[in-house]
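Hi everyone, thanks for coming. Let me put the structure up on the screen, and then I'll walk you through a few places in it.

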Amino acid sequence: MDLSNILSRWKATPSIFENVSTWHFIPAKNAQWESFPKNLDSDLVYALSSLGIKQLYSHQLQCWECIKAGGNAVITSGTASGKSLCYNLPILNEMLKDEESRALYLFPTKALAQDQYQNILEIIRYLDNRGKHIVSATYDGDTPPASRPEIRTKARILITNPDMLHIGILPHHTNWAEFFKNLRFVVIDEAHIYRGIFGSHVTNVIRRLNRIANYYGSFPQFISTTATIANPIEHIEKLTEHSFNLINIDGSQRGEKHFLIYNPPIIDQELGIRRSALQEAIPLGEDLLTYDIQTIVFARSRRTVEMVLTYLREKIKASPIKSWQDQNEIIRGYRSGYLPRQRRAIEKDLRDGKTRIVIATNALELGIDIGDIKAALLIGYPGTIASTRQQGGRAGSGSAASLAVLICTANPLDQF
(Lines give C-alpha, C1' and ligand atoms only; values in the text may rest on other atoms or scores of the structure.)
Protein backbone atom coordinates (compact mmCIF):
# COMPACT_ATOMS: atom_id res chain seq x y z
CA MET A 1 0.00 0.00 0.00
CA ASP A 2 0.95 3.63 -0.39
CA LEU A 3 2.65 5.21 2.62
CA SER A 4 0.17 8.10 2.55
CA ASN A 5 -2.65 5.74 3.62
CA ILE A 6 -1.13 4.90 6.97
CA LEU A 7 0.01 8.50 7.57
CA SER A 8 -3.54 9.71 7.00
CA ARG A 9 -4.83 7.09 9.42
CA TRP A 10 -2.33 8.11 12.10
CA LYS A 11 -3.30 11.77 11.71
CA ALA A 12 -6.96 10.83 12.14
CA THR A 13 -6.30 8.66 15.22
CA PRO A 14 -6.11 10.82 18.37
CA SER A 15 -4.43 8.12 20.45
CA ILE A 16 -1.51 8.26 18.01
CA PHE A 17 -1.46 11.82 16.69
CA GLU A 18 -1.65 13.44 20.14
CA ASN A 19 1.66 11.79 21.02
CA VAL A 20 3.51 13.10 17.97
CA SER A 21 5.50 16.04 19.31
CA THR A 22 7.16 16.75 15.95
CA TRP A 23 6.12 15.87 12.40
CA HIS A 24 8.95 17.00 10.16
CA PHE A 25 8.47 16.86 6.40
CA ILE A 26 11.46 16.70 4.05
CA PRO A 27 10.44 17.35 0.43
CA ALA A 28 11.61 15.20 -2.46
CA LYS A 29 14.57 16.31 -4.55
CA ASN A 30 15.71 15.41 -8.04
CA ALA A 31 19.04 13.84 -8.83
CA GLN A 32 21.92 15.98 -10.08
CA TRP A 33 23.29 13.93 -12.95
CA GLU A 34 26.68 14.18 -14.63
CA SER A 35 28.10 12.36 -17.65
CA PHE A 36 30.90 9.83 -17.27
CA PRO A 37 34.32 11.55 -17.30
CA LYS A 38 36.07 11.38 -20.66
CA ASN A 39 39.14 9.68 -19.18
CA LEU A 40 37.09 6.81 -17.68
CA ASP A 41 38.25 3.44 -19.02
CA SER A 42 35.94 2.09 -21.75
CA ASP A 43 35.79 -1.36 -20.13
CA LEU A 44 34.59 0.23 -16.91
CA VAL A 45 31.96 2.20 -18.84
CA TYR A 46 30.77 -1.13 -20.30
CA ALA A 47 30.59 -2.74 -16.84
CA LEU A 48 28.65 0.16 -15.31
CA SER A 49 26.27 0.34 -18.28
CA SER A 50 25.63 -3.39 -17.97
CA LEU A 51 24.57 -2.77 -14.37
CA GLY A 52 22.18 -0.03 -15.48
CA ILE A 53 24.43 2.88 -14.46
CA LYS A 54 24.41 5.32 -17.36
CA GLN A 55 25.38 8.52 -15.49
CA LEU A 56 27.00 9.60 -12.25
CA TYR A 57 25.62 11.63 -9.39
CA SER A 58 27.33 14.99 -9.01
CA HIS A 59 29.12 13.97 -5.80
CA GLN A 60 30.49 10.84 -7.49
CA LEU A 61 32.01 12.93 -10.26
CA GLN A 62 33.37 15.41 -7.72
CA CYS A 63 35.12 12.58 -5.88
CA TRP A 64 36.52 11.25 -9.16
CA GLU A 65 38.03 14.65 -9.98
CA CYS A 66 39.50 14.99 -6.50
CA ILE A 67 41.19 11.58 -6.65
CA LYS A 68 42.46 12.11 -10.20
CA ALA A 69 44.04 15.37 -9.00
CA GLY A 70 45.97 13.41 -6.37
CA GLY A 71 44.00 14.49 -3.29
CA ASN A 72 42.33 12.60 -0.46
CA ALA A 73 38.52 12.75 -0.24
CA VAL A 74 35.89 12.36 2.47
CA ILE A 75 32.28 11.94 1.30
CA THR A 76 29.37 12.82 3.59
CA SER A 77 26.37 12.31 1.30
CA GLY A 78 23.22 10.69 2.69
CA THR A 79 22.38 7.04 3.26
CA ALA A 80 21.99 5.00 0.03
CA SER A 81 23.44 7.81 -2.11
CA GLY A 82 25.98 5.73 -4.02
CA LYS A 83 29.02 6.42 -1.84
CA SER A 84 30.51 3.02 -2.73
CA LEU A 85 30.88 4.05 -6.36
CA CYS A 86 32.73 7.18 -5.24
CA TYR A 87 35.73 5.04 -4.33
CA ASN A 88 35.19 1.98 -6.56
CA LEU A 89 35.20 4.10 -9.72
CA PRO A 90 38.67 5.73 -9.46
CA ILE A 91 40.22 2.62 -7.90
CA LEU A 92 39.01 0.20 -10.59
CA ASN A 93 39.96 2.69 -13.28
CA GLU A 94 43.51 2.90 -11.93
CA MET A 95 43.75 -0.89 -11.72
CA LEU A 96 42.75 -1.26 -15.35
CA LYS A 97 45.62 1.06 -16.29
CA ASP A 98 48.21 -0.24 -13.83
CA GLU A 99 48.14 -4.02 -13.36
CA GLU A 100 50.36 -3.84 -10.26
CA SER A 101 48.29 -1.35 -8.23
CA ARG A 102 46.64 -2.46 -4.99
CA ALA A 103 43.88 -1.09 -2.73
CA LEU A 104 42.98 -1.69 0.90
CA TYR A 105 39.34 -1.38 1.99
CA LEU A 106 38.62 -1.01 5.72
CA PHE A 107 35.09 -1.65 7.00
CA PRO A 108 34.07 -1.59 10.68
CA THR A 109 32.22 -4.94 10.55
CA LYS A 110 32.63 -8.23 8.71
CA ALA A 111 28.99 -8.09 7.59
CA LEU A 112 29.50 -4.74 5.87
CA ALA A 113 32.73 -5.99 4.33
CA GLN A 114 30.93 -9.02 2.85
CA ASP A 115 28.14 -6.80 1.51
CA GLN A 116 30.55 -4.42 -0.21
CA TYR A 117 32.58 -7.35 -1.50
CA GLN A 118 29.47 -8.59 -3.34
CA ASN A 119 28.88 -5.09 -4.74
CA ILE A 120 32.34 -4.80 -6.21
CA LEU A 121 32.16 -8.37 -7.56
CA GLU A 122 29.19 -7.32 -9.69
CA ILE A 123 31.39 -4.80 -11.50
CA ILE A 124 34.38 -7.15 -11.69
CA ARG A 125 32.28 -9.90 -13.32
CA TYR A 126 31.49 -7.60 -16.25
CA LEU A 127 35.15 -6.59 -16.50
CA ASP A 128 35.96 -10.31 -16.74
CA ASN A 129 33.73 -10.47 -19.82
CA ARG A 130 36.10 -7.97 -21.44
CA GLY A 131 39.18 -10.00 -20.47
CA LYS A 132 40.14 -7.68 -17.61
CA HIS A 133 40.62 -9.71 -14.43
CA ILE A 134 40.89 -7.97 -11.05
CA VAL A 135 41.11 -10.16 -7.96
CA SER A 136 39.19 -8.94 -4.92
CA ALA A 137 39.05 -10.83 -1.62
CA THR A 138 37.96 -10.47 1.98
CA TYR A 139 40.59 -11.14 4.63
CA ASP A 140 39.23 -11.42 8.15
CA GLY A 141 38.67 -13.92 10.96
CA ASP A 142 36.29 -15.95 8.78
CA THR A 143 38.84 -16.42 5.97
CA PRO A 144 39.95 -20.08 5.83
CA PRO A 145 43.66 -20.45 6.69
CA ALA A 146 44.22 -22.44 3.49
CA SER A 147 43.08 -19.47 1.38
CA ARG A 148 45.22 -16.83 3.06
CA PRO A 149 48.57 -17.36 1.25
CA GLU A 150 46.88 -17.09 -2.15
CA ILE A 151 45.03 -13.93 -1.09
CA ARG A 152 48.30 -12.35 0.06
CA THR A 153 49.90 -12.86 -3.34
CA LYS A 154 46.98 -12.38 -5.75
CA ALA A 155 44.42 -9.99 -4.21
CA ARG A 156 44.53 -6.50 -5.68
CA ILE A 157 41.56 -5.23 -3.69
CA LEU A 158 41.86 -6.43 -0.11
CA ILE A 159 38.73 -6.03 2.04
CA THR A 160 39.26 -6.23 5.79
CA ASN A 161 38.63 -4.47 9.11
CA PRO A 162 40.86 -2.52 11.54
CA ASP A 163 41.14 -5.48 13.94
CA MET A 164 42.45 -7.82 11.26
CA LEU A 165 44.75 -5.12 9.91
CA HIS A 166 46.14 -4.66 13.43
CA ILE A 167 46.65 -8.30 14.36
CA GLY A 168 46.75 -10.28 11.11
CA ILE A 169 48.40 -8.05 8.49
CA LEU A 170 50.67 -5.32 9.84
CA PRO A 171 52.69 -7.57 12.21
CA HIS A 172 53.39 -9.88 9.24
CA HIS A 173 54.10 -7.16 6.68
CA THR A 174 57.06 -9.05 5.21
CA ASN A 175 54.54 -11.59 3.87
CA TRP A 176 52.65 -8.69 2.31
CA ALA A 177 55.68 -6.92 0.81
CA GLU A 178 54.35 -6.96 -2.77
CA PHE A 179 50.97 -5.65 -1.63
CA PHE A 180 52.39 -2.75 0.39
CA LYS A 181 54.91 -1.91 -2.35
CA ASN A 182 52.06 -1.29 -4.80
CA LEU A 183 49.44 0.09 -2.39
CA ARG A 184 47.78 3.03 -4.17
CA PHE A 185 44.53 3.53 -2.24
CA VAL A 186 43.16 3.09 1.27
CA VAL A 187 39.38 3.25 1.76
CA ILE A 188 37.96 3.93 5.23
CA ASP A 189 34.22 3.38 5.16
CA GLU A 190 31.80 4.59 7.87
CA ALA A 191 34.57 6.67 9.46
CA HIS A 192 32.21 8.20 12.04
CA ILE A 193 32.27 4.82 13.84
CA TYR A 194 35.89 5.42 14.83
CA ARG A 195 35.44 7.78 17.75
CA GLY A 196 36.34 7.76 21.43
CA ILE A 197 38.73 5.10 22.74
CA PHE A 198 38.06 2.84 19.75
CA GLY A 199 38.84 5.72 17.40
CA SER A 200 42.15 6.44 19.14
CA HIS A 201 43.15 2.78 18.73
CA VAL A 202 42.26 2.85 15.02
CA THR A 203 44.25 6.08 14.58
CA ASN A 204 47.35 4.29 15.83
CA VAL A 205 46.67 1.32 13.53
CA ILE A 206 46.45 3.69 10.55
CA ARG A 207 49.64 5.42 11.71
CA ARG A 208 51.37 2.02 11.57
CA LEU A 209 49.83 1.37 8.15
CA ASN A 210 51.23 4.65 6.83
CA ARG A 211 54.66 3.92 8.23
CA ILE A 212 54.83 0.41 6.72
CA ALA A 213 53.50 1.57 3.34
CA ASN A 214 56.12 4.34 3.26
CA TYR A 215 58.82 1.80 4.18
CA TYR A 216 57.95 -0.18 1.05
CA GLY A 217 57.94 2.97 -1.05
CA SER A 218 54.21 3.64 -1.43
CA PHE A 219 52.25 6.73 -0.41
CA PRO A 220 48.58 5.79 -0.86
CA GLN A 221 45.67 8.15 -1.34
CA PHE A 222 42.84 7.94 1.18
CA ILE A 223 39.12 7.90 0.37
CA SER A 224 36.70 7.94 3.27
CA THR A 225 32.94 7.96 3.72
CA THR A 226 31.04 9.04 6.79
CA ALA A 227 27.56 9.78 8.06
CA THR A 228 26.43 13.39 8.21
CA ILE A 229 28.50 14.77 11.08
CA ALA A 230 29.35 18.36 12.03
CA ASN A 231 33.14 18.07 11.63
CA PRO A 232 33.99 15.47 8.97
CA ILE A 233 37.27 17.10 7.91
CA GLU A 234 38.55 17.52 11.46
CA HIS A 235 37.54 13.95 12.31
CA ILE A 236 39.11 12.20 9.32
CA GLU A 237 42.29 14.28 9.41
CA LYS A 238 42.85 13.36 13.07
CA LEU A 239 42.08 9.72 12.27
CA THR A 240 44.54 9.44 9.36
CA GLU A 241 46.95 12.37 9.88
CA HIS A 242 46.45 13.41 6.24
CA SER A 243 44.74 16.43 4.69
CA PHE A 244 41.39 15.86 2.98
CA ASN A 245 38.94 17.48 0.58
CA LEU A 246 35.30 17.54 1.67
CA ILE A 247 32.55 16.32 -0.66
CA ASN A 248 29.26 17.13 1.08
CA ILE A 249 26.85 17.99 -1.74
CA ASP A 250 24.50 15.04 -2.20
CA GLY A 251 23.51 14.68 -5.84
CA SER A 252 21.38 11.56 -5.40
CA GLN A 253 17.62 11.39 -5.91
CA ARG A 254 15.44 11.46 -2.82
CA GLY A 255 11.75 10.89 -2.29
CA GLU A 256 9.80 12.83 0.32
CA LYS A 257 10.41 11.83 3.92
CA HIS A 258 8.34 12.14 7.08
CA PHE A 259 10.32 12.21 10.34
CA LEU A 260 8.18 11.90 13.46
CA ILE A 261 9.19 12.25 17.08
CA TYR A 262 6.71 10.20 19.07
CA ASN A 263 6.54 10.74 22.84
CA PRO A 264 4.58 8.03 24.71
CA PRO A 265 1.73 9.34 26.89
CA ILE A 266 2.07 9.89 30.64
CA ILE A 267 0.19 7.16 32.52
CA ASP A 268 0.86 8.46 36.04
CA GLN A 269 0.56 12.26 36.32
CA GLU A 270 1.81 12.45 39.92
CA LEU A 271 4.99 10.46 39.27
CA GLY A 272 5.37 11.55 35.64
CA ILE A 273 5.65 7.96 34.45
CA ARG A 274 5.27 7.44 30.71
CA ARG A 275 4.15 4.37 28.84
CA SER A 276 7.23 2.46 27.66
CA ALA A 277 8.65 3.06 24.21
CA LEU A 278 8.65 -0.69 23.59
CA GLN A 279 4.90 -0.93 24.29
CA GLU A 280 4.25 1.94 21.88
CA ALA A 281 6.42 0.40 19.18
CA ILE A 282 4.34 -2.78 19.01
CA PRO A 283 1.04 -1.24 17.73
CA LEU A 284 2.94 1.10 15.40
CA GLY A 285 4.85 -1.85 13.97
CA GLU A 286 1.64 -3.84 13.68
CA ASP A 287 0.02 -0.96 11.75
CA LEU A 288 2.94 -0.82 9.31
CA LEU A 289 2.72 -4.58 8.84
CA THR A 290 -1.05 -4.41 8.27
CA TYR A 291 -0.52 -1.77 5.57
CA ASP A 292 2.30 -3.92 4.10
CA ILE A 293 4.96 -1.25 4.57
CA GLN A 294 8.36 -2.94 4.71
CA THR A 295 9.89 -1.76 7.98
CA ILE A 296 13.03 -1.85 10.06
CA VAL A 297 12.77 -1.47 13.84
CA PHE A 298 15.93 -0.42 15.70
CA ALA A 299 16.23 -1.51 19.33
CA ARG A 300 18.93 -0.52 21.80
CA SER A 301 19.73 -4.04 23.03
CA ARG A 302 19.60 -7.68 21.95
CA ARG A 303 17.06 -8.36 24.70
CA THR A 304 14.73 -5.69 23.32
CA VAL A 305 15.10 -7.17 19.82
CA GLU A 306 13.88 -10.54 21.06
CA MET A 307 11.01 -9.00 23.06
CA VAL A 308 9.70 -6.97 20.11
CA LEU A 309 10.14 -10.01 17.84
CA THR A 310 8.06 -12.19 20.20
CA TYR A 311 5.29 -9.61 20.67
CA LEU A 312 4.88 -8.92 16.94
CA ARG A 313 4.80 -12.60 16.06
CA GLU A 314 2.08 -13.13 18.64
CA LYS A 315 0.10 -10.29 17.03
CA ILE A 316 0.42 -11.93 13.61
CA LYS A 317 -0.94 -15.23 14.92
CA ALA A 318 -4.20 -13.45 15.72
CA SER A 319 -4.23 -11.55 12.42
CA PRO A 320 -7.21 -12.07 10.10
CA ILE A 321 -4.90 -11.86 7.07
CA LYS A 322 -4.49 -15.54 6.21
CA SER A 323 -1.74 -15.03 3.61
CA TRP A 324 0.75 -14.42 6.43
CA GLN A 325 1.24 -18.06 7.28
CA ASP A 326 4.89 -18.08 8.29
CA GLN A 327 5.52 -15.30 10.79
CA ASN A 328 9.10 -16.56 11.19
CA GLU A 329 9.86 -15.30 7.68
CA ILE A 330 7.59 -12.26 7.69
CA ILE A 331 9.11 -10.94 10.92
CA ARG A 332 12.81 -11.49 11.59
CA GLY A 333 15.34 -10.44 14.18
CA TYR A 334 18.90 -9.32 13.38
CA ARG A 335 21.61 -8.95 16.01
CA SER A 336 25.03 -10.18 17.03
CA GLY A 337 25.01 -13.83 18.03
CA TYR A 338 23.39 -15.01 14.80
CA LEU A 339 25.55 -17.18 12.56
CA PRO A 340 26.91 -15.48 9.41
CA ARG A 341 24.75 -17.69 7.15
CA GLN A 342 21.65 -16.69 9.16
CA ARG A 343 22.45 -12.99 8.75
CA ARG A 344 23.07 -13.39 4.99
CA ALA A 345 19.71 -15.21 4.66
CA ILE A 346 17.89 -12.40 6.51
CA GLU A 347 19.56 -9.73 4.36
CA LYS A 348 18.54 -11.63 1.20
CA ASP A 349 14.91 -11.99 2.38
CA LEU A 350 14.82 -8.25 3.07
CA ARG A 351 16.12 -7.44 -0.40
CA ASP A 352 13.65 -9.88 -1.98
CA GLY A 353 10.74 -8.46 0.04
CA LYS A 354 9.91 -11.77 1.72
CA THR A 355 10.67 -10.32 5.16
CA ARG A 356 8.30 -7.41 5.79
CA ILE A 357 9.63 -6.26 9.16
CA VAL A 358 13.04 -6.74 10.76
CA ILE A 359 13.91 -5.88 14.36
CA ALA A 360 17.60 -5.10 14.69
CA THR A 361 20.28 -3.63 16.90
CA ASN A 362 22.59 -1.04 15.36
CA ALA A 363 24.15 -3.95 13.41
CA LEU A 364 21.94 -2.85 10.49
CA GLU A 365 22.67 0.86 10.97
CA LEU A 366 25.61 0.70 8.60
CA GLY A 367 25.36 0.56 4.84
CA ILE A 368 24.46 -3.10 4.35
CA ASP A 369 22.09 -3.52 1.39
CA ILE A 370 18.68 -4.34 2.88
CA GLY A 371 16.49 -3.50 -0.09
CA ASP A 372 13.60 -1.11 -0.44
CA ILE A 373 12.72 -0.38 3.20
CA LYS A 374 9.94 2.23 3.47
CA ALA A 375 9.76 2.85 7.25
CA ALA A 376 12.11 2.92 10.23
CA LEU A 377 11.06 2.81 13.89
CA LEU A 378 13.71 3.85 16.41
CA ILE A 379 12.94 2.62 19.93
CA GLY A 380 14.79 5.22 21.98
CA TYR A 381 17.35 7.84 20.99
CA PRO A 382 20.40 5.98 19.58
CA GLY A 383 22.83 8.18 21.53
CA THR A 384 24.20 10.42 18.76
CA ILE A 385 22.68 12.60 16.06
CA ALA A 386 24.80 10.76 13.47
CA SER A 387 23.32 7.40 14.49
CA THR A 388 19.81 8.87 14.45
CA ARG A 389 20.34 10.09 10.89
CA GLN A 390 21.83 6.76 9.85
CA GLN A 391 19.02 4.67 11.34
CA GLY A 392 16.27 6.94 10.05
CA GLY A 393 18.02 7.03 6.68
CA ARG A 394 17.79 3.26 6.28
CA ALA A 395 14.24 3.87 5.13
CA GLY A 396 13.81 5.40 1.71
CA SER A 397 15.70 4.96 -1.55
CA GLY A 398 15.28 6.52 -4.94
CA SER A 399 12.08 8.47 -5.50
CA ALA A 400 9.88 6.50 -3.06
CA ALA A 401 8.39 8.25 -0.02
CA SER A 402 9.64 7.06 3.38
CA LEU A 403 8.94 7.36 7.07
CA ALA A 404 11.10 7.46 10.21
CA VAL A 405 9.69 7.51 13.75
CA LEU A 406 11.82 8.16 16.83
CA ILE A 407 9.91 6.73 19.81
CA CYS A 408 11.24 8.43 22.93
CA THR A 409 11.88 6.64 26.20
CA ALA A 410 11.54 8.24 29.65
CA ASN A 411 15.31 8.79 29.63
CA PRO A 412 16.07 12.51 30.27
CA LEU A 413 18.19 12.71 27.13
CA ASP A 414 15.29 11.38 25.02
CA GLN A 415 12.94 13.88 26.62
CA PHE A 416 15.37 16.72 26.02
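Let's begin with glutamine 60, which lies in helix H4 (residues 58-68). Helices here are DSSP runs of H or I with at least four residues, strands are runs of E with at least two, and both are numbered from the N terminus. Before I go on: this is a predicted model, where local features need pLDDT of at least 70 and side-chain atom pairs count only at pLDDT 80 or more, while totals for chains, interfaces and linings use all residues. Residues are numbered from 1 along each chain as its sequence is written, and side-chain values use heavy atoms, with hydrogens and water left out.

So, is glutamine 60 buried or exposed? Glutamine 60 counts as buried because its relative accessible area is 5%; buried means under 20%, exposed over 50%, and partly exposed in between, with a 1.4 Å probe and protein chains only. Leaving out residues up to four places away in sequence, glutamine 60 touches Ser81, Gly82, Leu85 and Cys86, contact meaning heavy atoms within 4.5 Å.

Now to the sheet. It is open, with seven strands in the order S1-S11-S18-S17-S14-S16-S15 and mixed pairing; two strands pair if DSSP finds at least two bridges between them. At the edges are strand S1 (20-26) and strand S15 (331-334), each pairing on one side only. From one strand to the next, the twist averages 15°, with axes fitted to C-alpha atoms, for helices over the stretch in contact, and angles from 0 to 180 degrees between N-to-C directions.

Follow S1 to its partner: S1 and strand S11 (residues 257-262) run antiparallel, joined by six bridges. Histidine 24 stands opposite phenylalanine 259 in S11.

Two helices are worth a look here. Helix H1 (residues 3-11) lies across S1, S11 and strand S18 (402-407), at about 40° to S18. Helix H13 (residues 302-317) packs on the sheet too, touching S15, strand S16 (357-360) and strand S17 (375-379), and its direction makes about 175° with that of S15.

Staying with S17, please find alanine 376 in that strand. Alanine 376 counts as buried because its relative accessibility is 0%. Beyond its neighbours within four places in sequence, alanine 376 has contacts that include Ile296, Gln391, Leu403 and Val405.

Last stop: isoleucine 273, in strand S13 (residues 273-274). Isoleucine 273 counts as partly exposed because its relative accessibility is 39%. That's my tour, and I'm happy to take questions.
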